[in-house]
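Open the model in your viewer and keep the selection tool at hand. This tour goes stop by stop.

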Amino acid sequence: MSITHGKGDSPRYTGDGVPNTVSSIPLTDVDAQTPGEASLGTLVKHATAQVSTLVRAEVELAKAEVTGEVKKGLQGSLFFILAFTVLLFSSFFFFFFLAELLDVWIARWLAFLIVFLIMVVVTAVLALLGYLRVRKLRAPEKTIDSLKQAKTVLPTSYSDAEAHLASSSGRHAR
């Protein structure tokens, strides 16, 4: 997005501000030197820069995809929220109707008490169901396992990477 264009004005963006495409991944030219001339530190530096750029591009792509879908979902859910609000206000009249109907057979105060107790029981049952659902929530185990595996594959620092490369090629790290 440029400074002169708003989110919707630029041809790079769709109407909802989501980019049409993610810009290309600008990887550095590793083959600028001949393969025999590059030192181990230079190779590690280039590899680290390329992995960093690749990860940033993947994150940008994921954000662009998720942002568009979340906007669509939020716009659609607005109508469900409005419908639920109207239903909620309408329920007030239903409970008055129920109390007035019971008033035909029993005392008015008892009819309203029965309706109140029915509402309390329904509230308690719904709260219990909600609690049971929330109690079943677990940590994202697959994501945690995936990150642990990535941690074992990717070196944690520049010196670890250099030491790992040196030990696998038979040379010692500097």
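Select Gly 41, Val 44, Thr 53, Ala 57, Ala 64, Gly 68 and Ala 99: these are the buried residues of helix H1. The model you are looking at is predicted. To read the spacing of such residues, keep one rule in mind: an α-helix makes a turn every 3.6 residues, so positions three or four places apart point the same way.

**The length of H1**

Now select all of H1, residues 40-103. How far apart are its end C-alpha atoms? They are 90 Å apart. With 64 residues at 1.5 Å a residue, H1 should span 94 Å, so the two values agree.

**The annotated spans**

For residues 105-132 the end C-alpha atoms lie 38 Å apart. That span is 89% helix and 0% strand.

**The rings**

Show the aromatic side chains. How many aromatic pairs are there? The count comes to five. Start with Phe 94 and Phe 95, an edge-to-face pair.

Move to Phe 96 and Phe 112. This pair is edge-to-face, with 5.6 Å from centre to centre and 75° between the planes. Which helices does the pair link? Phe 96 sits in H1, while Phe 112 sits in helix H2, residues 108-135. The two are 16 residues apart, and the pair links distant parts of the chain. Phe 96 is partly exposed at 37% relative accessibility. Phe 112 is partly exposed too, at 27%.

**The nonpolar patch**

For the last stop, show the surface and select Ile 114, Ile 118, Val 121, Val 122, Val 125, Leu 126, Leu 128, Leu 129, Tyr 131 and Leu 132. Together they make a nonpolar surface patch of about 880 Å². Where is Tyr 131? Tyr 131 lies in helix H2.

Conventions. Residues are numbered from 1 along each chain as its sequence is written. This is a predicted model: local features need pLDDT of at least 70, side-chain atom pairs count only at pLDDT 80 or more; totals for chains, interfaces and linings use all residues. Side-chain values use heavy atoms; hydrogens and water are left out. Rings of Phe, Tyr and Trp (its six-membered ring) pair if their centres lie within 6.5 Å; planes under 30 degrees apart count as stacked, over 60 as edge-to-face and the rest as tilted. Helices (H or I, at least four residues) and strands (E, at least two) are DSSP runs, numbered from the N terminus. Buried means under 20% relative accessible area, exposed over 50%, partly exposed in between (1.4 Å probe, protein chains only). The expected span of a helix is 1.5 Å times one less than its number of residues. Patches are made of residues with over 30% relative accessible area and no salt bridge: like charges are joined within 9 Å, nonpolar side chains (Val, Leu, Ile, Met, Phe, Trp, Tyr) within 5 Å. Accessible areas come from the Shrake-Rupley method with a 1.4 Å probe; for residues, only the protein chains shown count as cover. A salt bridge is a side-chain nitrogen of Lys or Arg within 4 Å of a carboxyl oxygen of Asp or Glu.
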